[in-house]
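I opened my notebook to look up a few side chains and their surroundings. Here is what I wrote down as I went along.

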Amino acid sequence: MKAVVSTQSTGAGALAIVLFKDLMDPETKERFPLSEYAPSSAGERGTVGVTDGDSDTLGWPSVEKSFLKAEAPQSTAAIISQPITGDDAVVLLKALPVHPGFKLPEEWKVGLLGDKSFGIGTEDTPDLEVTVNVDVRRVNITNVIGTITGSVEPDRWVILGNHRDAWTYGAIDPSSGTAAVMEAGRALSHFLNKGWRPRRTIKLASWDAEEWGLIGSLEWVEENRALLEHRGVVYINTDIAEGGQCLRVGATGSPLYENITGTVLDSVNGGGFKKLDLSGSGSDMYGFYCYAAVSVLNVNCDSYADVYHSVYDEQHLFEVVDKDYTNLAKVSSSLAQLVVGVSEPAAVPGRVEEYGNRIQEWWDVLKPKVLLAFTRLDIDEELIHILDNTLFNLGKAADTFKSEVMDKLTPDSSELEVRRANDKILQFDRAFLVDEEIPGTMFYSKNILVSPSSTNLYYGSGFPGLLHAATNSTATKTDLLMQLERVRWALHAATAVLSS
């Protein structure tokens with residue numbers, strides 16, 4: 001989010017941006033160490049990178065002896081940015097002259113600002129000098145991958161991962177996630193020692209340099225993209241496996257695995273699962289679905305401690321948010337159940353009919369915006385009806401695949417029959433991978449169906465390129481028609497995967 005704010009500030013003409021956070025418990029008004037809300041002395045660090053991965057090697061993996069671009073794209077926001085504490089922010093805000101008639105917005109009247117009268121500055125506002133010292137150098141990073149080879153389908157990969165680098169002490173982000181993954185791995189090893197082996201290969205990953213722009217995971221995806229396109233079943237991610245008022249374990253991700261995710265989360269939460277929201281970026285699942293079109297699940301607590309990325313993200317925090325580690329155990333249990341639940345059954349538990357329904361829902365939301373753009377650009381609406389028909393055919397093919405293929409699989413079905421069905425489920429996702437980056441997406445996404453939002457990278461959006469072309473005032477008729485065609489033929493390809 002800091003990258004988005006810095007980039008937008010650049011577009012607004014800012015020369016520098018100074019960031020601070022100001023939150024407190026709205027009921028108790030307490031801060032850490034009495035609650036999970038950051039004290040006024042906390043400063044939240046974070047990347048302001050506008051590219052993910054190694055910007056010197058966009059398009060290929062950054063490994064030993066890789067070619068480095070002489071003119072790499074701008075990898076950070078073009079202006080200086082600096083996080084500061086809330087205490088320091090109050091000093092700066094008090095120095096601003098009060099503009100006549102200015103009133104503090106209601107949403108600002110929390111925490112440190114309260115009902116204090118702060119100005120927004122006038123032509124007499126004093127200058128603020130911002131100096132940032134940056135250590136620019138290349139360093140080596142290391143991913144650690146553990147593999148449990150599958151007994152029947154060793155060439156099908158179920159991957160569970162978490163990053164281990166941190167901005168400060170990292171008790172919550174990422175060490176809670178690291179602990180959850182390691183505990184899930186310990187549970188798997190317990191059964192391995194008793195003679196069990198999964199049907200499909202399980203990979204456990206510890207990613208490096210996530211906080212600097214998902215570098216470790218994304219470079220691994222680039223290095224293994226061809227393999228992932230053929231072998232990737234699902235990537236399951238966790239980052240912050242602990243939180244503040246963490247009442248439930250939550251998840252975002254691909255509708256393909258919504259059914260099994262709901263079953264697992266209900267088992268640890270005691271019910272209440274509704275549906276999976278789309279994953280955005282901000283953690284290591286990004287590269288898998290935006291570069292290789294591998295389905296992802298991101299499992300976390302439904303909230304996180306406000307002190308993350310600050311010096312207060314340390315061991316004592318657990319005394320505040322989860323003294324007996326109950327929440328952490330729930331996340332770990334969810335991860336282990338999901339890994340086994342996807343790697344063990346003969347039939348991959350992906351539900352393409354649910355995916356098809358969700359795609360239709362995304363289109364129903366986007367369609368009015370596209371119609372408005374068609375009117376503005378004087379385009380024949382018949383093209384909209386063609387896309388409607390394409391989506392209808394996709395839904396019909398998905399329902400037929402369920403009734404005529406998946407529902408007819410039995411324990412007596414041959415391995416060839418099972419393999420054919422599983423291949424269609426996996427290749428359904430791959431149909432939405434295109435060669436060129438999608439306009440209006442962040443960080444060079446190539447998934448035409450789902451990508452992080454261009455305004456908030458932590459959330460995903462459906463049909464991102466088409467959404468951008470329909471809502472961007474500078475988009476031309478050609479821009480809109482190109483995105484419409486790309487979506488139509490990707491949907492057609494997904495239909496053909498299920499129907500062939």
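Predicted model: local features only at pLDDT ≥ 70, side-chain atom pairs only at ≥ 80, totals over all residues.

I began with S334, which counts as buried because its relative accessibility is 0%; buried means under 20% relative accessible area, exposed over 50%, and partly exposed in between (1.4 Å probe, protein chains only). S334 has its place in helix α9 (residues 326-343). Helices (H or I, at least four residues) and strands (E, at least two) are DSSP runs, numbered from the N terminus. I then listed what S334 touches, not counting residues up to four places away in sequence: V249, V264, L265, V268 and V299. Contact here means heavy atoms within 4.5 Å.

Residues are numbered from 1 along each chain as its sequence is written, and side-chain values use heavy atoms, with hydrogens and water left out.

Next I looked up E219, in helix α4. The side chain of E219 does reach the backbone nitrogen of S62, at 2.7 Å. Among the residues E219 touches, I also noted G53, D54 and W60.

Then I turned to the rings. Rings of Phe, Tyr and Trp (its six-membered ring) pair if their centres lie within 6.5 Å; planes under 30 degrees apart count as stacked, over 60 as edge-to-face and the rest as tilted. By this rule I have 14 aromatic pairs. One of them is W167 with W212, tilted, at 5.0 Å centre to centre and 45° between the planes. This pair links distant parts of the chain, 45 residues apart: W167 is in the loop between β4 (153-163) and α3 (175-192), and W212 is in the loop between β5 (200-207) and α4 (215-223). W167 is partly exposed at 23%, whereas W212 is exposed at 58%.

Y286 and Y289 are edge-to-face, because their planes are at 75°, with centres 6.4 Å apart. Both lie in helix α7 (residues 286-291), 3 residues apart, about one turn of the helix.

My last entry is an aromatic cluster of W157, W207, W220, Y235 and F288.

Note on methods: Polar contact = N/O pair within 3.5 Å; in protein donor to acceptor, adjacent residues only side chain to side chain.
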